[in-house]
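Subject: Structure handover

Hello,

Here is the structure I promised to pass on. My notes follow below it.

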Amino acid sequence: MEELTGYNLPEGSYWVKKVQQDEKGTLIVLESKQFMVKILFAGFVYAMLCSDESGLQKRNHQWVRKFAEVNVSLLNVTFFKLSNSEFIDFIKDQTFGYYEDFDFKHFVAWTEDNMIEIIAHYEPEIEIQEKK
């Protein structure tokens with residue numbers, strides 16, 4: 001079963017301000033009325049999926065139901081990590097098993113309007129700034 005680990009971002013409604021990939025890595029910037037959150041994957045990411053939240057409704061509803069069974073409300077979690085996800089399995093399958101022994105993690109930024117999903121083998125750096 002997928003195991004979910006939430007990150008303790010300040011509560012609030014977030015939206016995606018920026019997604020950028022360059023020689024420094026992959027940067028996701030989320031913004032709420034009070035906070036700016038920078039999530040930096042400072043190395044190679046194996047896969048990235050950006051979608052309008054309505055584009056993946058079936059899967060999103062499956063997650064909401066599944067984690068509600070263990071008393072986790074995804075409606076209050078803006079950034080989380082999954083282990084043993086179908087997205088990880090898909091990426092491993094597409095490489096004919098080349099990544100089979102990699103300890104991948106599936107990171108999800110779930111905002112009011114968008115979802116950004118990253119497959120990486122390491123934790124991102126997270127910086128939280130209160131807006132003035």
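The side chains of lysine 131 and glutamate 31 form a salt bridge, with N and O 2.6 Å apart. Keep in mind that this is a predicted model. Lysine 131 sits in the segment after β9, and glutamate 31 sits in strand β3, so the pair ties together parts 100 residues apart in sequence. Lysine 131 is partly exposed, at 32% relative accessible area. Glutamate 31 is buried, at 10%.

Glutamate 31 has another partner. Lysine 17 also forms a salt bridge with glutamate 31, and here the closest N and O atoms are 3.6 Å apart. This pair again links distant parts of the chain: lysine 17 belongs to strand β2 and glutamate 31 to strand β3 (residues 25–31), 14 residues apart. Lysine 17 is exposed, with a relative accessible area of 51%. The cut-off for exposed is over 50%.

In general, side chains of opposite charge can pair when their charged atoms come close. The structure holds 4 salt bridges. One of them joins aspartate 103 to lysine 105, with the closest N and O atoms 3.0 Å apart. Aspartate 103 is exposed at 54% relative accessible area, whereas lysine 105 is buried at 16%. Shared partners join Lys17, Glu31 and Lys131 into one salt-bridge network.

Next, the sheet.

It is an open sheet of 4 strands, in the order β2-β3-β4-β9, and the pairing is antiparallel. The edge strands are β2 (15–22) and β9 (125–130), each of which pairs on one side only. From one strand to the next, the twist averages 15°. Strand β4 (residues 35–41) and β9 run antiparallel and are joined by 6 bridges. Isoleucine 39 has isoleucine 126 in β9 as its bridge partner.

Now the aromatics.

The count comes to 13 aromatic pairs. Tyrosine 46 and tyrosine 99 make one of them: the ring centres are 5.0 Å apart and the planes stand at 75°, so the pair is edge-to-face. Tyrosine 46 lies in the loop between β4 and β5 (47–52), and tyrosine 99 in the loop between α2 (86–94) and β7 (105–110), so the contact ties together parts that are 53 residues apart in sequence. Both tyrosine 46 and tyrosine 99 are buried.

Tyrosine 46 also pairs with phenylalanine 104. That pair is tilted, at 4.6 Å centre to centre with 50° between the planes. Phenylalanine 104 is in the loop between α2 and β7, and tyrosine 46 in the loop between β4 and β5, so parts 58 residues apart in sequence are tied together. Phenylalanine 104 is buried, with a relative accessible area of 5%. Which residues form one aromatic cluster? They are Phe44, Tyr46, Tyr98, Tyr99, Phe102 and Phe104.

On to helix α2.

The buried residues of α2 are Phe87, Ile88, Ile91 and Lys92. They span an arc of only 135° around the axis, which puts them on the same side of α2. As a general point, an α-helix has 3.6 residues a turn, so residues three or four places apart point the same way. The face of α2 turned away from the buried side carries the exposed residues Glu86 and Asp93. What covers the buried residues of α2? The cover includes β5, β6, β7 and β8 (114–120). Phenylalanine 96 follows α2 and has a positive phi, near 55°.

One more residue to look at: threonine 78.

Threonine 78 is in the loop between α1 (57–68) and β6 (79–83). Is threonine 78 buried or exposed? Threonine 78 counts as buried, at 11% relative accessibility. The cut-off for buried is under 20%. Leucine 9 is 69 residues away from threonine 78 in sequence, yet their C-alpha atoms are 7.2 Å apart in space. Leaving out residues up to four places away in sequence, threonine 78 touches Leu9, Gly12, Tyr14, Leu30, Val108, Ala109 and Trp110.

Best regards

Methods. Residues numbered from 1 in each chain as written. Predicted model: local features only at pLDDT ≥ 70, side-chain atom pairs only at ≥ 80, totals over all residues. Heavy atoms only, no water. Pairing = 2+ DSSP bridges. Helix = DSSP H or I, 4+ residues; strand = E, 2+ residues; numbered from the N terminus. Axes fitted to C-alpha atoms, helices over the stretch in contact; angles between N-to-C directions. Phe/Tyr/Trp six-rings, centres within 6.5 Å; stacked < 30°, edge-to-face > 60°. Buried < 20%, exposed > 50% of the residue type's maximum accessible area, 1.4 Å probe, protein only. Contact = heavy atoms within 4.5 Å. Arc of directions from axis to C-beta.
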